[in-house]
Amino acid sequence: GFSAEQKRPPEEIAFFCEINIAKYVATGGDDISDLLTRVEMLTQQGYNVIISSYFRYFRISDYFSRDKSKKIGFVLSVENIYQIFNESYYEGFEGGILAAMGALFANKTKLFVYPNLLDDGSLTTVANINIKEELKYLFLHISKNRGILPIQCSPDIIVPVDAVTLLQQIREGGEGWKESVPQEIAQRIIEEKLFGKGQEGA
């Protein structure tokens, strides 16, 4: 993990969960009326929270890298890697994807990538991710230089749904979503009818 990569004990590392509101700031496209509740739930689980409006990953890396003595690591999913290696993600940015990659990894930033669990029980990982042919060697170069690193974990501990699907399940009022969140969080969602719980199933 990041501790081993940086040869630092865990107590010297600050962990943050990012809540990104870039889409809301740009277009009003996201509902952030429950923003404070989301922050409270994350802090309840012992996480520090940062709210950002940066649209691209290298912007937040650049923000933290202003202190050159500090190293940055992101914990991401395979789906996030697909986004990072999508050239359309950098439309309007001078220099495109190459300039963005240079900015993202300028201070030896690390991307720690956890697998995606597929419907058939198999995993998509850093080792077998399907990057577009024209970007494959860029991906391999960064990976070989330990900019992108896999998180090794068992399929049993991977949440089988993404955040959008989970929110939809909560709103529909079913029961299956409760297995994907900590018990005390599920209980609070039920008791306070958070995130529109049951509204679409009524």
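Modeller: What follows is a walk through the core, its contributing elements and one of its residues. The model is predicted, so local features need pLDDT of at least 70 and side-chain atom pairs count only at pLDDT 80 or more, while totals for chains, interfaces and linings use all residues. Residues are numbered from 1 along each chain as its sequence is written, and side-chain values use heavy atoms, with hydrogens and water left out. A nonpolar core here is a set of buried Ala, Val, Leu, Ile, Met, Phe, Trp, Tyr and Cys residues joined through side-chain atoms within 4.5 Å, where buried means under 20% relative accessible area, computed with a 1.4 Å probe on protein chains only. The largest such core has 28 residues, and those with the most contacts inside it are I81, I84, F85, Y90, M101, L111 and I148. At least two of its residues come from each of helix 4 (57–64), strand 3 (73–77), helix 5 (78–84), helix 6 (96–104), strand 4 (110–114) and helix 7 (136–144), these being DSSP runs numbered from the N terminus, with helices (H or I) of at least four residues and strands (E) of at least two. Helix 6 gives the most to this core, namely four residues. Turning to I148, and setting aside neighbours within four places in sequence, its contacts are F85, F105, L111, V113, V126, F139, I142 and S143, a contact meaning heavy atoms within 4.5 Å. A second, separate core has 10 residues, among them M41, V181, I189 and L194.

Notes. Buried < 20%, exposed > 50% of the residue type's maximum accessible area, 1.4 Å probe, protein only.
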